[in-house]
Amino acid sequence: MFKTLMNRWEQGHRTTSYPKTPIELPARYRGLPTVDPEAPAALATSCAEACPQAAFDRDERRIDLGRCVFCGTCERVSDGKAVQFTRRFELGTADRAHLVTAGDLPDLAQHAKQHFKKLFGRSLQLRQISSAGCNACEADLNVLGTPFFDLSRFGIDFVASPRHADAIVVTGPISRNMHTATLTTYEAVPTPKAVIAVGTCAISGGPFVGSPEISEGLESLLPVDLFIPGCPPHPLTNLHALLSYFK
Amino acid sequence: MESKLRAITNGEAIRRDDIPQLSVSTFREQALALVAAGGKVVQLFGTAVVDGVLPTIAVLRLGDQLWTAATELPETYASLTAEAEPFHLFERELAEQFGVTPENHPWLRMVRYHPNYADRPDVFGNDYRVDIPGNYPYYAVAGDEIHEVAVGPVHAGVIEPGHFRFNCIGERVLNLEISLGYQHRGIEPMLPGASARRRQTLVETIAGDTSAAHSLCHAQAIEALADRSPNPPDQMVRTAALELERLANHTGDLGALSGDVAFLPPANYFGRMRGDLLNMTLWLCGNRFSRGLVVPGGVGVTLERVDFETVLGRVQELKPQLEHVIDLLFATSSVRARFDGCGRVSRSDAEHLGLVGPAGRASGLDYDVRRVFPTEHYTQLDLDACQPFGGDVYARARIRADEILASIALLEKMLPKMKRTEATDVVEHSLAPQSLVVTVNEAWRGEVSHCVLTDADGKIVRYKIKDPSFHNWNGLAMSLRDTGISDFPLNNKSFNLSYCGHDL
């Protein structure tokens, strides 16, 4: 008992006051990239050629955040002159097309389905489906349950059964071997329900795009309401998207 | 018997001509003799079917030496597993990838459920347009009051998918069979044709919680083939990356174990501290899972002294907290009552299964790649041999706690000495033609290994990956024997294996 109390004292209070007060992530964190529309064509070409994900559109000077793995290669090859990664972690969108960007993302809260806010604003139960991928997205969703983020203070929880859920949160590129299980779990969630794609894999197939073993994005199987890009998305990216879209 | 295998060093590129080509029967004799002497399988893989035979390479280890040899397998051959269990999953994988049948294999089933790469008739009689599990006859137990419990692929948590089939009498588990493959993304066949940058992303996402270890195996393999070696400051950063990964995951695991025996204070404290550890990696490379940190040729980011001082400060701040919460966990009688004696895997079973990492060490197999085949800065570090443990949940938890404290000590020793590193770009290297390289590292779950094979033009023709979980899933199955089914979650957490690392 004494040890329990001593540890409680030492651990202190750790829960962030976000979103009431802003959080700053470390300098090397790669969040929302911005593309310079005036950058020389040669630089844009080298960015496009260097991108391992074919996420950079040389002509439109845009990056598809649904394909980007935030490796920072384009920033390095252009020495920050064509692309710069900012520390902005608010990346969620309600529309796949919004993810193709030069650095401006529309306000997520305004693009949310307003009846979802009414239905799920005070209580949102999520059923996570891990559909291949690398388990990093799952790790950074799980972390939302730790005392620092304390997701349940917002009335949001991950639940064990799809029958108890209001929404599914899909991670991974939906492998051939998870295709049916993903759809069956979706069907088991009572309507009205929301579909959330977390991570580059679930949005486009991610690093595994081109493999015959995966599908190229959840949207090819189900109507997706909320897209949260990242490889994996930072926990704050997930938290911001959930709060903006549903609260 | 004289060994016809060739000794090979961790991270050494050798000419393919120098790999001894043995007849199938000599290969079999030699491999079985090495395992009978206490050796283990590090890799056993086919390259591509040529003229009806499958060129196959084995990498084995015995004591502190790695050995290799090659053979050509016909469409059917006498199974090695029938004589020595450590070949079990490797032979199943060979059958699945290349359509070769190991005769008298005691448990010939699919590993991941995909068509073979050789366009051969399927060994298992599957039509892959039909959903997983296909033609997979599960182990069955007959008798009065025997019942089966089927769990998954989708589990009741934020966890990866897999299928567990329990044969029970009442609540007592007679046998657990684990069938995986749901996470299969087909990474291995993607790697040979991928650009260097694409390959970097792919190896980092084999298992996201093991990015540092997998990217280190990849980097060392490419460096060996390109005849480059990273400078010592880079090697120290890479060593630190591996230790930070170990620390974060072990800390998370202790929290999960505590949560599973309903002792919530350490569950929350460890969970929070795991986040702090991931944030140290975020500080170093901009990603919580070491992405872009370990690259062929060195380190992917420019790091200054101030970065190492920052991380050292954070490690030192966290150290007493970790010590105190570890003490709280193991001093709590309700925790000990659940951990002690639960899910015991005997040393002999662990030997037969070829368990690696903390799970193997918990059962008394004192094998740690960092000590036995050291690379990077580990060559200059002294690691203590681990304490013998009893192979139960307590042992698997205790060994994590010990390794957390040991990793902190290593970081405290290294970080003050670390020097500025310059970012290395991921570029195409020209690779030695007709060569083989094997790299082995101690990931937080145990031995991880990559094998890369090049052709006459120096192009990668085969990239073989082995995640430590490949060795350990059957350890989890064994721990459940004669245990209450309600102890499954606790045992599962005590192994905490990777589904995607197994399924690739």
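1. The contact between the chains draws 53 residues from chain B and 53 residues from chain A. Bear in mind that this is a predicted model.

2. Which elements of chain B give two or more residues to the side that touches chain A? They are helix H4 (196–204), helix H7 (264–285) and helix H8 (305–331) of chain B. H7(B) supplies the largest share of that side, 9 residues.

3. Now the make-up of the side of chain B that touches chain A. By class, 24 residues are nonpolar, 18 are polar and 11 are charged.

4. Chain B itself has two parts to look at. Domain 1 covers 6–103, and domain 2 covers 187–503. The C-alpha centres of these domains of chain B lie 26 Å apart.

5. The two domains of chain B also touch. Here 23 residues of domain 1 are in contact with 25 residues of domain 2. On the domain 1 side, the elements that give two or more residues are strand E2 (13–15), strand E3 (40–46) and strand E4 (54–62) of chain B. E3(B) gives the most, with 5 residues. The domain 1 side divides into 12 nonpolar, 4 polar and 7 charged residues.

6. E3(B) and E4(B) also belong to an open sheet of 4 strands. The order is E1-E5-E4-E3 (chain B), and the pairing is antiparallel. Neighbouring strands of this sheet are turned by 30° against each other on average, direction ignored.

7. Why does one side of E1 and of E3 of chain B lack a neighbour in the sheet? Strand E1 (6–8) and E3 of chain B stand at the edges, and each has a single partner strand, so one side of each is left without a neighbour in the sheet.

8. Take the pairing of E3(B) with E4(B) in detail. The two strands run antiparallel and are joined by 6 bridges.

9. Helix H1 (residues 24–36) of chain B lies across E4 and strand E5 (65–73) of chain B. H1 of chain B runs at about 155° to E5(B). Helix H2 (residues 88–98) of chain B packs on the sheet and touches E3 and E4 of chain B. The direction of H2 of chain B makes about 10° with that of E3(B).

10. To find your way around, start with E3(B). E3(B) stands at an edge of the sheet, is touched by H2 of chain B, and gives the most residues to the side of domain 1 of chain B that touches domain 2 of chain B.

Definitions and conventions: Residues numbered from 1 in each chain as written. Chains lettered and ligands numbered in written order. Predicted model: local features only at pLDDT ≥ 70, side-chain atom pairs only at ≥ 80, totals over all residues. Contact = placed C-beta atoms within 7 Å. Nonpolar A, V, L, I, M, F, W, Y, C, P; charged D, E, K, R; others polar. Domains from an automatic or database assignment. Pairing = 2+ DSSP bridges. Axes fitted to C-alpha atoms, helices over the stretch in contact; angles between N-to-C directions.
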